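Hi,

Here is the structure I promised to pass on to you.

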Amino acid sequence: MTQLALVIDLNVCVGCHACVTSCKQWNTSGAAGSLMDDNPYDKDPTGTFFNRVQTYEVGEFPNTETVHFPKSCLHCEDPPCVPVCPTGASYKRKEDGIVLVDYDKCIGCNYCSWACPYGAREIDEKQKVMKKCTLCVDRIYDESLPETERKPACVLACPTSARLFGDVHDPESEVSRAICESGGYPLMPEWGTQPANHYLPRRKTTIKLHEDELTRADNPLKKDGRLPRTDPDAPFLEDSVSW
Amino acid sequence: MHPAFSVIFLTTLIGAGQGLFLALVTAEAFSHMGALALQEHNFYSNGSLLSLGLLIAGLVASFFHLGHPERAWRSAAMWRTSWLSREVIALPAFMSVVFIYGLLHYLEWNPKIFGTAALPEADLTLMVGIIGIVLCFALFICTGMIYACLKFLQEWHTPLTPLNYTLLGMSSGFTLATAFATQYSLEMTGLFGTWAIILTFTALLTRTASLLRNKRIKHRSSLRTAIGVRHNNIQQKSQGSMGGSFNTREYFHGMSAAFLKSVKWIFLLLAFPLPLLLLGMGLSNDVTVLLVLAFIVQYVGLIAERWFFFAQANHPQNLYYQTI
């Protein structure tokens with residue numbers, strides 16, 4: 001079984017929003033029609049986005065840390081938004097685990113968005129249907145694109161390679177290795193949704209120095225200085241055995 | 001959550017319509033058992049018409065909630081998994097039984113099905129009424145479970161939710177039936193009025209129980225689990241957009257805490273003690289106006305109750321949308 005997903009490295013993300021803009025560009029230009037934008041250059045701009053980068057501050061001044069946090073649909077392995085849909089417009093693909101909305105079946109009742117604890121679904125207020133991240137399903141299988149470009153738009157756009165894309169059910173894949181080796185974690189594990197997308201935590205490169213590495217443990221006088229010299233006239237050990 | 005008036009009107013109107021229908025069938029069953037005098041057919045047919053009118057009004061209100069009402073027929077498809085889909089099936093099924101029940105009484109076509117003079121006799125309208133009762137409770141459960149099944153909306157995820165939907169709907173329906181029956185029979189008014197008082201009082205107990213439960217609720221999600229950073233002091237600095245988004249509109253009621261609190265006391269007053277008082281006064285002095293007023297006051301109270309029900313629910317996604 002395949003479960004495509006993103007792995008987002010919070011240690012690398014710089015919060016540049018390149019993934020947000022490239023996601024919007026790709027998905028507003030697709031066959032499903034444009035993503036809603038209302039008053040984009042005016043007061044109270046609003047619109048539909050599949051991906052947003054949020055910023056959090058962790059800790060108390062002066063020991064604070066800024067965490068840029070890209071947030072999109074997590075393509076849960078047990079998605080709570082799918083069974084609640086009354087029309088079957090919301091579904092999870094068996095072949096690759098992508099959670100999608102059939103825009104031609106959606107009645108725009110908002111119930112699936114209520115059922116998503118992450119707020120990953122946003123209604124398109126012009127088309128009146130629920131929209132969400134598709135993992136660029138219209139791109140990753142497009143054989144007219146060179147193979148290196150068959151990835152979600154956000155992954156290709158990321159200048160720091162903070163976003164990895166692949167099959168999290170394949171233990172040998174880049175994403176699985178990243179989750180396994182860099183402590184990848186899911187969001188809100190308490191609801192049992194089993195998100196396929198994982199996040200890699202902030203990491204600090206530290207070196208652990210022990211006390212005895214700072215002071216010379218082999219110095220019997222416990223201080224730096226010349227080692228005591230032996231008396232040149234004193235007998236050597238060799239003198240006693242050479243006769 | 002943002003309270004949508006389409007859903008508020010849907011749930012309160014069909015609740016009253018369902019309660020009224022239950023009252024009618026209760027009256028017919030009591031009459032068959034000889035506890036009450038049999039009523040004229042037009043008592044039941046007019047009552048069914050009133051109930052059907054409320055149900056249709058609720059259905060019409062629900063369409064305003066949909067982005068694509070013309071596709072609403074599709075929503076019966078996923079009844080195996082979705083409570084919303086089940087409600088979409090239960091509501092028209094119940095409405096058609098109410099229609100048939102009213103029509104049979106209007107045509108005064110009521111053949112005996114079985115039973116003898118010694119035993120309670122079962123005739124066609126009573127049988128249809130009993131099917132209607134089953135569908136009516138199924139609809140109450142479907143409506144309540146739409147909200148109760150969402151486990152991370154912890155304010156809703158309790159058996160008290162469908163119970164409250166049922167009891168609040170029944171109490172408003174029986175209050176309406178009391179006012180309606182004044183046009184026909186004093187005996188019926190007394191029966192419905194007694195039940196309306198019992199149901200309103202029971203609903204007060206269960207609704208208070210859910211208020212107490214929600215007051216001491218501990219939310220399982222926090223900003224720590226939301227972004228997965230283990231630190232007690234995390235502050236949001238930006239939510240990814242300068243203006244609002246669907247996420248900031250759909251999940252917040254947008255009112256002050258004081259407003260929320262005042263709505264709670266308004267509905268606690270309008271939906272329970274005031275109608276109880278009006279029912280008591282109306283029944284003891286036999287004043288129709290007071291009984292009609294009791295229903296109106298209780299209905300307004302239930303609109304406030306439903307508004308509060310939605311506004312109080314705290315969606316975990318709000319953790320991601322605290323600062324612009």
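Predicted model: local features only at pLDDT ≥ 70, side-chain atom pairs only at ≥ 80, totals over all residues.

**Where chain B touches chain A**

On the chain B side, 46 residues are in contact with 48 residues of chain A. If you want to find them, look at helix 3 (83-107), helix 7 (223-227), strand 3 (234-238) and helix 8 (246-250) of chain B, the elements that each give two or more residues to that side. Strand 3 of chain B has the largest share, with five residues. Sorted by class, the side of chain B that touches chain A has 17 nonpolar, 23 polar and six charged residues.

Strand 3 of chain B also pairs with a strand from the other chain: strand 4 (residues 51-58) of chain A runs antiparallel to it, over four bridges.

**Two helices inside chain B**

Now for helix 1 (residues 5-32) and helix 11 (residues 288-312) of chain B, which pack at an angle of about 135 degrees with their axes 9 Å apart. That angle is why helix 1 of chain B counts as oblique to helix 11 of chain B. The crossing of these two helices is right-handed.

Which residues meet there? From helix 1 of chain B come I8(B), T11(B), T12(B) and A16(B), and they meet Y299(B), L302(B), I303(B), R306(B) and W307(B) of helix 11. By class, this contact has six nonpolar, two polar and one charged residues.

Cheers

How values were computed: Residues numbered from 1 in each chain as written. Chains lettered and ligands numbered in written order. Axes fitted to C-alpha atoms, helices over the stretch in contact; angles between N-to-C directions. Parallel < 35°, antiparallel > 145°, perpendicular 65-115°, else oblique. Left-handed = near helix turned anticlockwise from the far one by under 90°. Contact = placed C-beta atoms within 7 Å. Nonpolar A, V, L, I, M, F, W, Y, C, P; charged D, E, K, R; others polar. Pairing = 2+ DSSP bridges.
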